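Here is a briefing on the structure below.

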Amino acid sequence: MYGRYTQDLGTFAKDEAARLRLQQGHGEGGTPRPRRPSELLEYTQGRCAPCRVCALQCRQFLISKVGEDWVFLILLGLVMALVSWAMDFAIATCLQAQKWMYGGLDTNVLLQYLAWVTYPTVLITFSAGFTQILAPQAVGSGIPEMKTILRGIVLKEYLTLKTFVAKVIGLTCALGSGMPLGKEGPFVHIASMCAALLSRFLSLFGGFYENEARNIEMLAAACAVGVGCCFAAPIGGVLFSIEVTSTFFAVRNYWRGFFAATFSAFIFRVLAVWNKDEETITALFKTRFRLDFPFDLQELPAFAVIGIASGFGGALFVYLNRKIVQFMRRQKTINRFLMKKRLLFPALVTLLISTLTFPPGFGQFMAGQLTQKDTLVTLFDNQTWAKQGLSDEFEYLGILEAWRHPRSNVFVTLVVFILMKFWMSALATTIPVPCGAFMPVFVIGAAFGRLVGESMAAWFPDGIHTDSNTYRIVPGGYAVVGAAALSGAVTHTVSTAVIVFELTGQISHILPVMIAVILANAVAQSLQPSLYDSIIRIKKLPYLPELGWGHHEKYNVRVEDIMVRDIRYITLNCKYRELQHVLQSTKMKTLPLVESAESMILLGSIERAQVGALLTHQLSPERRLQALQQKALDLDRHRLSVASICFQVRGAAAPGNP
């Protein structure tokens, strides 16, 4: 028997299956007997027997094919592409409605302000209320919860249909308000919910989707689909999902992630062409940087400075976001008030941010009227906004007009934009609505890179001279580097570089982007955890994070060094008084169950609530009355049995009995 295992396991399994089929296929006399599936026996008789058998076999073939991975991944990619396109269409409609209301009231500044402030406040309040009523689990990004789920932890109600509906509608309203919120993190959660719902639906055709390991593999692929259909970046989506959600990634899931993400991104861009938003399938934020000489080697120190500064900025963003949440929770008076008035906090935050971004007010110093998409388009522009050598002042045309102010230059506008958007984004991501932080951080990084690029263009107005050739500075390239570096620092990922290449459609700045992203990660990881690990700590999710830099001595810590030894426990033979004493002497939610106090063999654990409910049930008035009735009945039976025995003894002892 053991010698068989020296063979290839697959060959042994095939040989064994063939031997069993051969034994079952012969009768007692050694003659082979034909075997038909039990489903076909009722169709083998009658006029239309061949047609019925053929139809049944076709049905079984289709059902088996529905269970194939590629069919599931196609359905997942198609559904997520449709959801992403529909949400983008609804978000663009909401933002256009806000612009229409603001532009139609240009004769009265007060009415413009009321329209500019009221519109996002109503949308955010509706999003917070709808999410809180339908599914509170839909609040936030969703990536921290997916990291926990992929570790094998079961989180209730996080992958249900009502959470999916709440997440989609709440996210659409939140992004349609124009607040500095992101879409990428929530889309990872939405794709995971879609995969879970598809698995439940397809389990009707076969039991293979009830396998927990298979579902975990599909959830890992769904995380890649969420990023792929959000940014039309399938390669970066797969790598980003691996870095963010998985500590250990199975290589066999690579093709699932790439296949589903590529199909989803393709359908997402095809829908844009079908809706006549694009002429053909192109990158979302296509750039046109020069390819013959994209940058000079002398510019690499500037790109390195962007990476180092972005590392400090990313750590500061994570720290600020965590401190805001902790402040709101530690102030018990404020916390109690906001728990009663759940919609007040998001309404106040939205009112504050929309007031500061009001274009005729302070918003004129930070391009307040631009949406996040328009802001990225302008920041990635490959022309300088300052003076270009001996040429005249740059002409701000179209949406670029938002960056020009008659009483300040472009440097002041960019600095004000970076500082204001930084704390606004950190504050806005604490609102209890479905939202992410990747896109706001991405925009802030692009603005910082643009600021460095414009400064370089001002310091070298005629460009950098190399071999008697003059190449002007391209500030748009610096914006791309800054966007990748800051977003990578906040999320502790390197794949943001690949996402940037797919977003812009160019890899001309591949070396500066990689240098900046690596330096930003090195600085940020030594200072703060990633944004998602920080949220895991705030929510106290059952997830063991990785040890950061400077904590390698903790690898020598053993369980016995941190475990609590004086634990209250329950034995198999403990009585009511002992159970009451255990419940009164400890606050533990779970109590260990041991065989006896002498052996201390652990048999399992029981929830504190279950013990309390069991005691309440056993000692309830109805239970006591039932016990008394049973005791009285047993006593009557005992008396009857004693009386019958006495009667028999007296009868036997009576005179005249033989």
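A polar contact is a pair of N or O atoms within 3.5 Å; within protein, one must be able to donate a hydrogen and the other to accept it, and residues adjacent in sequence count only if both atoms are side-chain atoms. The model is predicted: local features need pLDDT of at least 70, side-chain atom pairs count only at pLDDT 80 or more, and totals for chains, interfaces and linings use all residues. Residues are numbered from 1 along each chain as its sequence is written, and side-chain values use heavy atoms, with hydrogens and water left out.

**Loop residues**

- Gln528 sits in the loop between helix H19 (510-527) and helix H20 (531-539). Helices (H or I, at least four residues) and strands (E, at least two) are DSSP runs, numbered from the N terminus.
- The side chains of Gln528 and Arg322 make a polar contact of 2.7 Å.
- Gln528 is buried, at 16% relative accessible area. Buried means under 20%, exposed over 50%, partly exposed in between (1.4 Å probe, protein chains only).
- Beyond four places in sequence, Gln528 is in contact (heavy atoms within 4.5 Å) with Ala315, Val318, Tyr319, Arg322 and His492.
- Thr430 lies in the loop between helix H15 (410-428) and H16. Thr430 counts as buried because its relative accessibility is 18%.
- The Thr430 side chain reaches the backbone oxygen of Leu427 at 2.5 Å.

**Nonpolar cores**

- A nonpolar core is a set of buried Ala, Val, Leu, Ile, Met, Phe, Trp, Tyr and Cys residues joined through side-chain atoms within 4.5 Å.
- The largest core has 125 residues; Leu76, Met80, Leu181, Phe187, Ile190 and Phe380 have the most contacts inside it.
- Helix H16 (residues 438-459) gives this core its largest share, 12 residues.
- A second, separate core has 7 residues, including Ile570, Leu579, Leu583 and Leu615.
- Not counting residues up to four places away in sequence, Phe380 touches several residues, among them Phe285, Phe442, Arg450 and Thr504.

**Sheet**

- Three strands form an open sheet, ordered S3-S4-S5, with mixed pairing. Strands pair if DSSP finds at least two bridges between them.
- Strands S3 (570-571) and S5 (602-607) are at the edges; each has a single partner strand, so one side of each lacks a neighbour in the sheet.
- S3 pairs with strand S4 (residues 590-594) in the parallel sense over 2 bridges. Thr571 stands opposite Val594 in S4.
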